[in-house]
Amino acid sequence: MKHTISILLENRFGAFDRVANLFSGKGFNLHSITIGETEIKDVMRMTIVTSGNDQIVEQVLKQLNRLVDTLKVVDLSDHARTERELALISINYQKGTLEELKNICDIFRGKVVDINNKSIMMEITGPPAKINAAVNVLMPFGIKEMARTGTVALKRGEQINIQKNEV
Amino acid sequence: MSSSKKFINGAEIFFECLRRENVEYIFGYPGGSTLKIYERLYDIDFLKHILVRHEQGATHMAEGYARASGKVGVVLVTSGPGATNTVTGIANAYMDSSPLVVFTGQVPTNLIGNDAFQEADIVGITRPITKHSFLVRDVKDLAPSIRKAFYIAQSGRPGPVLVDLPKNVINALCSFEYSEKIEIRGYKPTYSGHINQIKKAAKVISQAKRPLLYVGGGIIMSGASQELRSFAIENNLPVTMTLQGLGAFPGTSELSLGMLGMHGMYWANQAINHCDVLVALGARFDDRVTGKVETFAKDAFKIHVDIDPSCIDKNVKVDIPIVGDVRLILSELRKVMPGKPDIDKWWEEIKTWQKECPLTYDMNDGRLRTEYVIERLSEKTRGEAIIVSDVGQHQMWVAQHYKFNHPRSHISSGGLGTMGFSVPASIGAAFAVKDRPIFSVSGDGGFQMNLQELITANYYKLPIKFIVINNSFLGMVRQWQELFFDEKYSFTNLGESNPDFVKVAEAFGLKAYSTDRPQDVDDLIDTMLDYNDGPIFVEFKVVKEDMVFPMVPSGASISEMIVKRLNPQRMV
Ligand SMILES: Cc1ncc(C[n+]2csc(CCOP(=O)(O)OP(=O)(O)O)c2C)c(N)n1
C-alpha cells in the first residue's frame with residue numbers, strides 16, 4: 001500500500017541527502033519525493049510517497065525520525081489530507097486531433113500553456129490519481145514529453161507543529 | 001556561556017572546544033589540510049595526541065578507548081586518503097554504537113567539488129555509517145558544530161559523528177563562544193520509559209513460568225550492569241548475553257547462561273526456544289542471535305527495552321515495547337515488581353540442558369587448543385582482565401570460555417565483524433584503563449591487518465599483552481568451507497605464507513614468545529601478567545582444523561544447532 005509521508009526538515013547542508021540516502025541504503029521504496037520551503041524560516045517540507053507492508057512503513061517512519069535534521073515526521077495516510085500534483089504534458093498533434101486534445105484538457109480542468117504547429121503542452125493539476133487518469137487518456141495520442149512534480153500533501157484541519165517526539 | 005571578544009583562529013577554537021569537552025586523547029595522523037591544527041597542537045598540553053601508523057588504527061583505537069572508558073573517542077586525520085582510511089573504523093563504531101567524534105581535514109571551501117588535491121567527499125562517503133555529520137563551512141559554525149558533535153555522539157543511542165574541517169575555516173578568525181546549553185530541535189532522545197508499560201512488563205515477568213533475560217550492549221553503554229544484577233538476583237532470573245553484552249552480567253554467576261546465538265551455549269539457545277517471557281534489554285535481535293527470526297522464541301511473550309525506537313519491531317515483533325534508557329527503566333522495573341516469579345521448575349529444566357550438553361572440547365591428544373588457552377586466561381586473571389578480541393574462531397572461543405566479571409571488559413567488533421580491530425582497539429583501551437591487564441587476542445589472519453600499530457603500543461610503552469592464536473588458517477572461513485562448501489579450502493590456508501610472528505613482534509621492539517605445548521600456557525600467561533614495562537607478545541600455535549561449536553548454521557532455527565563435529569574422520 002502507498003503511504004504519503006510529510007517531513008519537516010532543517011534547511012541545512014546535507015539534510016536532504018540523509019533522507020534520500022536512507023531510502024537507498026535501507027532498500028525502501030520511493031515513488032516520489034518533493035521538497036520546498038515552508039512558512040517557517042529555515043524549515044523545509046518534504047513529501048515522500050513510499051510503499052510497503054505495515055512493518056516496513058513503520059521502519060521508514062522510525063528511521064526518518066531518527067535523523068537529527070528531521071523535526072517532524074507524519075504518515076499522512078492516517079489522516080484527512082489534501083494531495084496535489086502538477087504535470088506538464090507535451091503531445092504532438094495531427095490535423096484532426098487538436099480539438100480533441102483541447103477537450104480532454106478541459107475535462108481535466110487543465111490549461112494549454114504552449115502550442116506550436118506540431119505540439120501542444122498542457123498543465124494539469126490535481127490529486128495524483130487524476131493525473132494518472134489524464135495520462136491514460138492522453139497516452140494513445142503519443143505523449144512526447146512529460147514532467148510530473150510528485151505529490152505534495154498537507155493534513156487538513158489542525159496544524160502540524162514542530163515537535164517530533166510528541167507524535 | 002563563556003565568551004571573549006578576542007579573535008582567535010579556527011585551530012585555536014578547535015582546541016578550546018576539546019578542552020571544554022574534557023578530551024584527554026586524540027588519536028591522529030597529520031597531513032596537508034590539518035597543518036594549522038598540528039601547529040597549534042605543538043603547544044597544547046591539556047590533552048595528549050597519540051600518533052598512530054594508519055588512520056584505520058586511529059578509529060579503532062578511539063573506539064577501544066570509548067568502549068573501555070565510556071567516554072567519547074576522538075580522531076583527527078587529514079583530508080582525502082586520511083579521511084577515507086577512517087571509513088572501516090567509522091562503520092565499525094556505527095554498527096556497535098560506539099561514541100566517536102572523527103575530525104577530518106578538508107580542502108578549502110572554494111575548492112570543494114573541484115577534484116582538488118587530496119579532496120574526498122568524506123561527508124558523502126560516510127553518510128550511511130555516521131549518526132550525524134557536519135561540514136563546517138564558516139568559522140562561526142565551528143564551535144557550535146563541535147559542541148553538537150560531542151553531544152550527539154554520546155547521547156541517546158551512541159554513535160560516530162564526523163566533522164569535516166575545510167582548511168580555510170581552520171585558518172579563519174572568529175571570537176570564541178561555547179554554549180554549555182545545547183538545543184537541537186530535531187534531536188531529543190527519550191530516556192525515561194513509559195511507566196504504564198513498565199508496570200505491565202513487571203506484572204508479566206512476575207507471573208512468568210519460564211522467563212529469560214536476553215541482554216545486549218545497551219546495558220553496558222547505559223551503565224545498567226548494577227541494576228541488571230540486582231534485578232536478576234532479586235527475581236532469580238536466568239540471564240543470557242549477546243556478544244556485545246558479555247560482561248554486562250557476571251559470567252561466573254549462577255544466573256548467567258553465557259552467550260546465546262550462532263555460537264552460543266546450547267542451554268542458552270534451548271532457553272530461548274522454551275521461554276514463555278523473553279525480556280530483551282538493550283539488545284537488537286541481530287540475525288547472529290536469532291537465526292531464523294520466525295522461529296526465535298516463537299511462543300514467548302516479548303518485552304523489549306531499547307533507547308532507539310527504530311530497533312523495536314524491526315526484526316521481531318514484540319508485545320511490550322519500552323523506549324528509553326535501560327538503566328532508568330530497570331530501576332523503575334525493580335520498584336514496581338509485584339513479586340518474584342515462581343520458576344524452580346524452569347531452573348531445573350535449564351540445569352538439565354547444562355548437564356545434557358556441557359561446553360567441552362577435546363584435550364586428550366596433548367595438542368594445544370584455543371579453548372584451553374582462553375580457559376586458562378579466564379582462570380588466571382579471574383575474569384578481571386580486559387579482553388579485546390579480533391574476528392573469527394578465536395573471538396567465539398573468547399566469548400564462550402572467558403568468564404567476564406565486569407562491564408567494559410569484553411571489547412570486540414560485533415556488528416561489522418572487522419578483522420584487524422583487536423590490535424588498535426586494545427591500544428585505545430590501554431589509554432583508558434591502567435589498573436587492569438589488557439589482552440589483545442587475534443587470529444593469525446586478522447593480526448596482519450593492523451599490526452603496524454604494534455609500534456604505537458611500544459612507543460607509548462603500553463603494557464598490552466598481544467596474543468596471536470595461530471591455526472595457520474583463516475579459521476572461521478575454513479570452518480564454513482568444511483561444513484557447507486564441500487571442504488574446498490579455497491584461499492584460507494595461511495600456513496605456507498605466514499611470517500615468523502615472533503620475529504615480526506621483535507622487529508617492533510616487543511618481547512616475544514611462541515609455543516605449541518599446553519604445558520607452557522600457564523607460564524606464558526604469568527610472564528605476560530608480570531611484565532608491565534611495555535607490550536609483550538605470545539604466539540600460541542594451535543590445532544589447525546578445530547571448529548567452533550555449538551553452531552547454528554546461518555539462517556537456520558536455533559533448534560537446528562550443531563553441537564559437535566559430526567564426522568571427526570573428515571578432519572583435514
Ligand atoms: C576485514 C575482514 N575481511 C574478511 C573477513 C571475513 N572473515 C571472517 S572470519 C575470517 C577468518 C579470520 O581468520 P583469523 O584471523 O586467522 O582468525 P581465526 O578464525 O582463525 O580464529 C575472515 C577472513 C572479515 N571478517 N573482515
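In which helix of chain A do Lys62(A) and Glu58(A) both lie, and how many residues apart are they? In this predicted model, both residues belong to helix H2 of chain A, which covers residues 54-66. Their positions there are four residues apart, about one turn of the helix. Lys62(A) and Glu58(A) form a salt bridge, with 2.8 Å between the closest N and O atoms. Lys62(A) is buried at 17% relative accessibility, whereas Glu58(A) is partly exposed, its relative accessible area being 26%.

Over all chains, the structure contains 36 salt bridges. One of them, in chain B, pairs the side chains of Lys71(B) and Glu24(B) at an N to O distance of 3.1 Å. Lys71(B) is located in the loop between helix H3 (55-69) and strand S4 (73-77) of chain B, and Glu24(B) in the loop between helix H1 (10-20) and strand S2 (25-28) of chain B, so the pair ties together parts 47 residues apart in sequence. Both partners are partly exposed: the relative accessible area is 39% for Lys71(B) and 35% for Glu24(B).

A further salt bridge in chain B joins Glu379(B) to Arg376(B), with the closest N and O atoms 3.3 Å apart. These two residues lie in helix H16 of chain B (residues 370-380), where they are three residues apart and thus separated by about one helical turn. Glu379(B) is exposed, at 52% relative accessibility, while Arg376(B) is buried, at 19%.

Salt bridges also link residues into a network in chain B. Its members are Asp365(B), Arg367(B), Arg369(B), Glu545(B) and Asp546(B).

Over all chains, the structure holds zero disulfides. Cys17(B) is buried, with 0% relative accessibility. The sulfur of Cys275(B) is likewise too far from the closest cysteine sulfur for a bond, that of Cys357(B) being 19 Å away. Cys275(B) is also buried, and its relative accessible area is 2%.

Definitions and conventions: Residues numbered from 1 in each chain as written. Chains lettered and ligands numbered in written order. Predicted model: local features only at pLDDT ≥ 70, side-chain atom pairs only at ≥ 80, totals over all residues. Heavy atoms only, no water. Disulfide = S-S within 2.5 Å. Buried < 20%, exposed > 50% of the residue type's maximum accessible area, 1.4 Å probe, protein only. Salt bridge = Lys/Arg side-chain N within 4 Å of Asp/Glu carboxyl O.
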